[in-house]
Amino acid sequence: MKKVLALILAVAMIASVAVLAGCSGDKKDGDKKDSEKTYIIYSDNAFAPFEYLDTKSNEYVGVDMDIMAAIADDQGFKYEMHNEGFDAAMGAVQSGQADAMIAGMTINDDRKKTFDFSEPYFDDGQVIVAKDGTKIEDLKGKTVAVKNGTAGKDYAESVKDEYGFTINYYKGSPEMYQAVSTGVDVACFEDFSVIGYAIKTGEVDLKILSDEPMNVKGYGFAVKKGENAELLEKFNAGLKNIKENGKLKEILAKYGY
Ligand code: ASN
């Protein structure tokens, strides 16, 4: 009888030790999960020099890609980048499929209703772009090209009655440039630095019609409003550091700014 009792006791002790070990093991796993969380970040896919496919390495490169890498390194977090296009990125953040987006995204009041933004890291506005020789009066009665969901689209919609044009909507910047180059649309609306880069690199043979960029505002990293505050904090802390230590300047200089 004594032997049986001792055995039961021993088994009970082993079991409780195992349970305890299990508990602390679980806790450790939980901690590990937190620090090793991989954030899902979405971006545009053809918005040079902010994000574009480098055909040599077959990888997405650009200002935003470098900023994200520098900040993740500074703050010690992991992330996975998905370059799916601008409108797709906004949808992914809103649906919770993505934790955040970085896509040369203009910070404006309308977007602040559905997104929380980081501090700005670059300023830009939009310009009207067309074939050489086109004048602003030529937009009347014609169609212009815009990219879905963008600040350029908002700008075009706000002046369409004044200039007398109608709008064709495209998925990406290259499709928009092509529509203008091939004469489907008379002009397009694009961020100044991006079309400036495309013209400079010879990717497109178009001219900027506007005297100066309109609606100049900061670009920011964005999360869904009220969500992922911790990631936004990390981004801002890292951004502050790379602004102070010269890394942001270095990244911008690498792409000609
Ligand atoms: N600057 C654009 C916007 O905020 C972003 C883009 O086209 N990638 O609407």
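Predicted model: local features only at pLDDT ≥ 70, side-chain atom pairs only at ≥ 80, totals over all residues.
Strand β11 (residues 187–191) pairs with strands on the basis of bridges in both senses. Strand β8 (residues 122–130) is joined to β11 by five bridges, and these two strands run antiparallel. Strand β9 (residues 143–147) is joined to β11 by two bridges, and here the strands run parallel. Five of the five residues of β11 are buried, so the strand is largely enclosed by the rest of the structure.

Helix α7 spans residues 192–200. Its buried residues are S193, V194, I195, Y197 and A198. An α-helix has 3.6 residues a turn, so residues three or four places apart point the same way. After α7 comes G202, which has a positive phi, near 80°.

A separate open sheet is made of three strands in the order β2-β3-β4, with antiparallel pairing. The edges of this sheet are β2 (46–47) and β4 (59–61); each has a single partner strand, so one side of each is left without a neighbour in the sheet. Two bridges connect β2 with strand β3 (residues 51–54) in the antiparallel sense. Within this pairing, F47 stands opposite E51 of β3.

F47 also belongs to an aromatic cluster, in which ring pairs link it with F50, Y121, F122, Y219 and Y257. The model contains 14 aromatic pairs in total, counted with ring centres within 6.5 Å.

Helix α2 (residues 63–75) packs with helix α9 (residues 247–254), their axes coming within 9 Å and crossing at roughly 155°. Because angles over 145 degrees count as roughly antiparallel, this value makes α2 roughly antiparallel to α9. The crossing of the two helices is right-handed.

Eleven salt bridges are counted in the model. One of them joins D110 to K113, with the closest N and O atoms 2.9 Å apart. D110 is exposed, at 51% relative accessibility, and K113 is exposed as well, with a relative accessible area of 58%. Exposure is assigned over 50%, so D110, at 51%, falls in that class.

A further salt bridge is formed by the side chains of D116 and K225, at 3.9 Å from N to O. This pair links distant parts of the chain, the two residues being 109 residues apart. D116 lies in strand β7 (residues 115–117), whereas K225 lies in the loop between β14 (222–224) and α8 (229–244). Both are partly exposed: D116 has a relative accessibility of 23%, and K225 has a relative accessible area of 44%.

K153 and D154 form another salt bridge, in which the closest N and O atoms are 3.4 Å apart. K153, at 18% relative accessibility, counts as buried because the limit for that class is under 20%. Salt bridges with shared partners join K153, D154 and E157 into one network.

Note on methods: Residues numbered from 1 in each chain as written. Heavy atoms only, no water. Phe/Tyr/Trp six-rings, centres within 6.5 Å; stacked < 30°, edge-to-face > 60°. Pairing = 2+ DSSP bridges. Helix = DSSP H or I, 4+ residues; strand = E, 2+ residues; numbered from the N terminus. Salt bridge = Lys/Arg side-chain N within 4 Å of Asp/Glu carboxyl O. Buried < 20%, exposed > 50% of the residue type's maximum accessible area, 1.4 Å probe, protein only. Axes fitted to C-alpha atoms, helices over the stretch in contact; angles between N-to-C directions. Parallel < 35°, antiparallel > 145°, perpendicular 65-115°, else oblique. Left-handed = near helix turned anticlockwise from the far one by under 90°.
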